[in-house]
Amino acid sequence: DPIARQDRPTDSGTRFFSRSLGEAVSISRRQSMVAAGHAKLSIVCQCRLLSIARSGLYYEKTGESVYNLSLMQEIDRAFTEWPFRGVRQVRDYLRLLGYGVGRKRIHRLMRLMGLTPIYRKPRTSIPNPEHIRYPYLLRDVVITRPNQVWCADITYIPMRKGFLYLVAVMGTAQQKSVVLEISNTMDADFCVAALEEALAKNGKPDIFNTDQGSQFTSFAFTNVLRENGIRISMDGRGRWLDNVFIECLWRSLKYECVYLNAFETGSEARVGIGRWIDFYNRFRPHSSLGGVPPERFHEQGLLKAA
C-alpha cells in the first residue's frame, strides 16, 4: 500500500530518532510512551521508533526471593559499616553469619543494589560508554560557602518485603541534604526529578560533582545542569573521598532510620525518611559544623556572604 508506506518513517530517520531519544529518555519512560490502541502505528512500529524491545512491554519481574532479600539486608548492613569490603569479603562475612552463599550470588546482588567498594582500583564505577564524561573540577578547590558545590549519590534502601533506591542532592559546604527522591528502579528519571526540585527550592550551585554512574552521565541529567549554567564535575579514579559527606549521610540515615523501622511500602519509606531528613537538617548537631545543625549553618553562611 503506497499510502501506508508514506506514513512509515525511513530506516535512517528511524535510527536517528531512536538514537536521539535513547540518549535523553530512559527505557522505562519510553515503554510508557507506547500506545496500544494507536490509530496509525502498530506496537511493532512504535517499539522500533522508541528503540525498545517489544518483549519488554510484557515482561513482569518476579522479584527476589525471601532468602535473597534477607541476604541483601545483611549485605547492606555490612557495606554501611565497612564500605571497603568487596565481594569475597562480604561472602566470607555472610558465611560467618551462617549463610551458605557463593561469590557469584553476592556479586549479582551487590550489582543489583548498586554497591561498589570504595578503595583504589582500576575502575570504581562503570559508566555508560555512550555518555559524555566530564573532567574533575574540585582538585585543590577549597569549599567555603553555601551553594559553591553540590553533590549527588544513590543508595539502596532495604524494606521488609523488598527494596528501593534513594538519591540525595546535597551541598558539601554545609552538609545540608537538599532533596531526596525514592524509586524502585535505577533509571535516571528520579535523579533528574531530585535535581530539578533542588534547583527550584535552593537556587543553583557553581559546580555539581557526581561519580560516573550512568544516571549522572545521562543526557537528561547533564542537560538540566548545562541549561542552568552549572559547571559539571565527575570523579576520576581514586576520588572516592570527594563524596565522603554524602557517605556519612547514608550511614546516619540507615542506622538512625531505615534499620530501625523496616518500612513495609514505598509510601511509608517516603514519610519516614522525609521525617528523618527534616530532623537531620534542622535539629541534628554536627561536630564538623561547630555543633550546629546543617540548616542553621547554611543560614549563617548566607548571612556572612551577604
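**View 1. Helix H5 packs against helix H11.** In this predicted model, helix H5 (residues 66-81) and helix H11 (residues 244-261) pack at an angle of about 140°, and their axes lie 9 Å apart. At that angle H5 is oblique to H11. The crossing of the two helices is left-handed. H5 contributes Asp76, Arg77, Thr80 and Glu81 to the contact, while H11 contributes Arg251, Lys254, Tyr255 and Tyr259. Of these contact residues, five are charged, two nonpolar and one polar.

**View 2. Lysine 254 and aspartate 76 form a salt bridge.** The closest N and O atoms of the pair are 2.5 Å apart. Because lysine 254 lies in helix H11 and aspartate 76 in helix H5, the bridge ties together parts that are 178 residues apart in sequence. Lysine 254 is buried, at 3% relative accessibility, and aspartate 76 is buried at 0%.

**View 3. Glutamate 64 meets arginine 108 in a salt bridge.** The N to O distance is 3.0 Å. Glutamate 64 sits in the loop between helix H4 (43-50) and H5, and arginine 108 in helix H7 (residues 103-113), 44 residues apart. Glutamate 64 is partly exposed at 23% relative accessibility; arginine 108 is also partly exposed, with a relative accessible area of 39%.

**View 4. Arginine 160 forms a salt bridge with glutamate 264.** Their closest N and O atoms are 2.7 Å apart. Arginine 160 belongs to the loop between strand S1 (149-159) and strand S2 (162-171), and glutamate 264 to the loop between H11 and helix H12 (266-282), 104 residues apart. Arginine 160 is partly exposed, at 47%, as is glutamate 264, at 34%. The model's salt bridges number seven.

Definitions and conventions. Residues are numbered from 1 along each chain as its sequence is written. This is a predicted model: local features need pLDDT of at least 70, side-chain atom pairs count only at pLDDT 80 or more; totals for chains, interfaces and linings use all residues. Side-chain values use heavy atoms; hydrogens and water are left out. Axes are lines fitted to C-alpha atoms, for helices over the stretch in contact, and angles run from 0 to 180 degrees between N-to-C directions. Helices (H or I, at least four residues) and strands (E, at least two) are DSSP runs, numbered from the N terminus. Angles under 35 degrees count as roughly parallel, over 145 as roughly antiparallel, 65 to 115 as roughly perpendicular and the rest as oblique. A crossing is left-handed if the near helix is turned anticlockwise from the far one by less than a right angle, and right-handed if clockwise. Contact means heavy atoms within 4.5 Å. Ala, Val, Leu, Ile, Met, Phe, Trp, Tyr, Cys and Pro count as nonpolar, Asp, Glu, Lys and Arg as charged, and the others, Gly among them, as polar. A salt bridge is a side-chain nitrogen of Lys or Arg within 4 Å of a carboxyl oxygen of Asp or Glu. Buried means under 20% relative accessible area, exposed over 50%, partly exposed in between (1.4 Å probe, protein chains only).
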